[in-house]
Amino acid sequence: MLMSENQTQMLSAIPRPYLELRSVTKSYGGTLAVNDINLSVAEGECLSLLGPSGCGKTTLLRLIAGLAEADAGDIICGGKRIDGIKPYARGFGVVFQDYALFPHMTVAKNIGYGLKIRKYPTAQIQSDVANALAKVGLTGMEDRYPHQLSGGQQQRVALARAIVTEPTLLLLDEPLGALDKNLREDMQVELRAIQRRLGLTTILVTHDQEEAMTLSDRVAVMSRGRIEQIGTPRDVYQRPSNSFVAKFLGTSNLLNAKILAKETGNLILDVQGLQFHIATESEFAQQGDTVTVSIRPESVKVAAAGDPRGFRAYVVGYLFQGHRALAVFRTSDGAEIRAFISSTSQALSEGDEVSVQLTGEACVVLAETTSDMPEQKMR
Amino acid sequence: MNIDHPAFRAVIVAIFAFILAPIVVVIAASVSTTNYVSFPPSGFTLRWFVELVTIQIYVDALQYSFVVAVITTLISLAVGTWVALLLRSTQKGRALLQTLFLSPILLPEIALGIGLLQYFSMIGFVRGMIATILAHSIICTPYVIRSVAAVATRLKVSLEESALVLGARPLRVLRDVTIPLLKPGLIGGAVMAFLISFDNVTISMFLAAPGAITLPALLFNQAAESGLNTSLAAISALLVFFTIAVIVLMSWLVGLDKFFAATASSK
């Protein structure tokens with residue numbers, strides 16, 4: 001299966017992983033929240049667990065933190081199996097989705113809590129707290145209480161609290177979820193900078209694919225307790241292994257393609273009458289089969305009607321989005337294609353005829369075969 | 001139905017007057033110069049209050065009531081908080097557990113008193129302070145549970161998990177995070193427990209022993225035996241003042257709205 005090939009590749013690609021999950025499984029009630037997960041995280045890397053709610057990503061994070069116990073499988077950190085180790089003994093830093101700052105303690109006491117538990121001398125606690133506050137850009141806020149801080153500030157205090165104890169692993173649960181868009185973008189940049197600077201191995205849970213791609217070195221796309229694909233943001237975005245991944249990361253056009261010919265490493269496809277090569281390693285497809293190809297809206301080229309290098313389609317929608325425009329086309333047999341086009345070029349009107357061009361490099365053959373028109377949803 | 005309508009207001013005033021009337025009567029009667037309770041009081045004197053100090057049985061009973069109430073409060077707090085936290089983390093048996101622990105409130109005190117009396121004598125337990133404290137704890141704990149649970153349900157688990165992950169062991173988490181944040185519920189529950197124990201009559205009467213009787217039980221006995229004399233009115237008035245003082249203190253510490261929100265809601 002394509003998925004496990006991918007995973008074994010990833011597992012062996014990391015020489016000495018810092019964290020390893022082997023066949024980790026966890027059920028709640030009768031449902032499998034986490035189903036036979038295998039994962040390796042390298043030291044200093046930032047990995048995102050990306051998926052819709054209910055996919056098991058938060059459960060997985062909690063298993064790693066020690067806040068829940070796996071039903072089966074092993075969690076290995078730094079070469080040692082940590083399954084039986086309690087959360088207070090694992091030495092990881094955790095930032096919860098709601099930040100969970102102690103409301104009855106000042107910012108300084110919140111951040112210094114972990115150090116106090118470790119019985120550090122007061123003077124050192126004070127200086128470490130001051131350093132941590134400086135790292136997150138909140139110098140001077142020691143005596144404020146959490147309710148006196150804005151959302152962004154609370155999040156930074158939560159982060160400072162997690163990193164001040166110099167944890168070996170940082171776990172973040174939807175860290176930027178509660179922030180508004182502008183703040184989120186700023187925080188994404190800062191968070192990435194802090195993570196890089198400290199070289200802290202980080203695992204991040206999010207449902208926001210943009211966040212995953214901005215912050216992480218690798219993304220693990222999850223669905224229903226399983227990892228669908230792991231790879232760098234670019235891999236996962238440009239070469240989705242199945243339609244779930246293709247649809248989850250950004251918009252995607254899913255089109256039926258007929259395999260006209262098959263050569264080693266190469267297929268000749270027919271999409272809407274347009275024929276082109278596509279390089280692919282997939283073994284499963286045979287000549288005469290219909291497969292699904294995915295192409296990103298930004299890779300679709302739109303030319304004037306009648307251009308022979310593309311196939312015919314009609315405009316059914318045009319949305320001006322500021323920096324670009326989204327155009328929706330439909331072919332005569334009902335296939336829908338979305339394309340991003342420059343907002344500076346001429347606007348299109350409904351009913352206009354265009355020529356839609358796809359190239360082999362921009363398309364990806366997906367792992368499932370379909371006989372019907374796949375549904376297409378804008379994210 | 002308009003709340004501002006004068007007729008509606010008149011009804012509310014009448015209801016409050018009806019509820020408070022006995023207290024007003026007692027306080028008024030306590031300053032009467034007559035030996036027997038008379039209302040309206042004839043004359044004004046505070047000698048009955050002054051004399052109370054000399055009546056040994058009253059002084060003893062007051063002390064006894066106080067000790068019983070304090071110990072009961074401590075036991076109810078400990079057990080009640082533990083149960084409230086247990087309820088928070090239980091999903092499956094929650095309704096059953098809740099019903100079980102809150103059941104003493106539903107039982108008529110006389111039935112409870114008789115039952116406990118029989119049970120205690122069956123196991124060879126003598127009437128008196130320990131029996132009274134145990135019985136009081138049984139009826140006071142449910143109030144602590146409700147008061148603490150109301151606050152506990154709003155306490156996010158992520159707070160305690162944060163402390164755990166930062167290196168605190170469970171008991172430390174309890175001390176540093178859980179208990180401090182449960183404070184309003186704890187104080188409200190403690191006050192309820194104290195007042196219910198202190199003012200309790202029925203059960204205290206059943207489990208009283210010579211020399212070991214609570215003040216309300218004593219007063220009831222005295223009233224039954226020798227009729228109402230002004231000293232009784234005086235000490236009753238004192239009890240009323242004391243209860244009011246406790247509630248005022250607690251409202252200053254915690255806030256009355258929080259207290260009633262905590263005890264009024266039952267989950």
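1. Ground rules. The model is predicted: local features need pLDDT of at least 70, side-chain atom pairs count only at pLDDT 80 or more, and totals for chains, interfaces and linings use all residues. Residues are numbered from 1 along each chain as its sequence is written, while chains are lettered from A and ligands numbered from 1 in the order in which they are written.

2. Chain A overall. Chain A has nine helices and 20 strands. Helices (H or I, at least four residues) and strands (E, at least two) are DSSP runs, numbered from the N terminus. The C-alpha trace of chain A spans about 75 × 45 × 35 Å along its principal axes. Of its 379 residues, 42% count as buried. Burial goes by the other C-beta atoms within 10 Å of a residue's own: 20 or more is buried, 12 or fewer is exposed, and in between is partly exposed, with C-beta atoms placed from the backbone. Among contacts in chain A with a separation of 6 or more, 67% join residues 24 or more positions apart. Two residues are in contact if their C-beta atoms, placed from the backbone, lie within 7 Å.

3. A sheet in chain A. Six strands of chain A form an open sheet in the order β6-β7-β8-β3-β9-β10, with mixed pairing. Pairing requires that DSSP finds at least two bridges between two strands. The edge strands are β6 (93-95) and β10 (226-231) of chain A, and each pairs on one side only. Neighbouring strands of this sheet are turned by 15 degrees against each other on average, direction ignored. Such axes are lines fitted to C-alpha atoms, for helices over the stretch in contact, and angles run from 0 to 180 degrees between N-to-C directions.

4. Strand β7 (residues 169-173) and strand β8 (residues 201-206) of chain A pair in the parallel sense. Five bridges link β7 and β8 of chain A. A:L171 stands opposite A:I203 in β8(A).

5. Two backbone angles to look at. Most residues other than glycine have a negative phi. A:S23 has a positive phi, near 50 degrees. A:S23 sits in strand β1 (residues 19-28) of chain A. A:S23 counts as exposed because it has 12 C-beta neighbours inside 10 Å. A:Y99 also has a positive phi, near 70 degrees. A:Y99 is in the loop between β6 and α3 of chain A. A:Y99 counts as buried, with 24 C-beta neighbours inside 10 Å.

6. A buried leucine in chain A. A:L133 lies in helix α4 (residues 122-135) of chain A. A:L133 is buried, since 21 other C-beta atoms lie within 10 Å. Leaving out residues up to four places away in sequence, A:L133 touches A:L138, A:T139, A:M141, A:E142 and A:A160. A:L133 and A:I111 are 22 residues apart in sequence, and their C-alpha atoms are 8.6 Å apart in space.

7. Chain B overall. Chain B has twelve helices and zero strands. The C-alpha atoms of chain B fill a box of roughly 70 × 60 × 30 Å, taken along the principal axes. Of the 267 residues of chain B, 35% count as buried. Among contacts in chain B with a separation of 6 or more, residues 24 or more positions apart account for 75%.

8. Helix α6 of chain B. This helix covers residues 129-152, and at 1.5 Å a residue its 24 residues should span 34 Å. The expected span is 1.5 Å times one less than the number of residues. The end C-alpha atoms of α6(B) are 32 Å apart, which agrees. A kink of about 35 degrees lies at B:I139 in α6(B), shortly before the proline B:P142. That bend is the angle between axes fitted to the seven residues ending there and the seven starting there. In α6(B), 20 of the 24 residues are buried, so this helix is largely enclosed by the rest of the structure.

9. A phenylalanine in chain B. B:F66 lies in helix α3 (residues 56-89) of chain B. B:F66 is partly exposed, with 15 other C-beta atoms within 10 Å. B:F66 and B:A10 are 56 residues apart along the chain, and their C-alpha atoms are separated by 39 Å.
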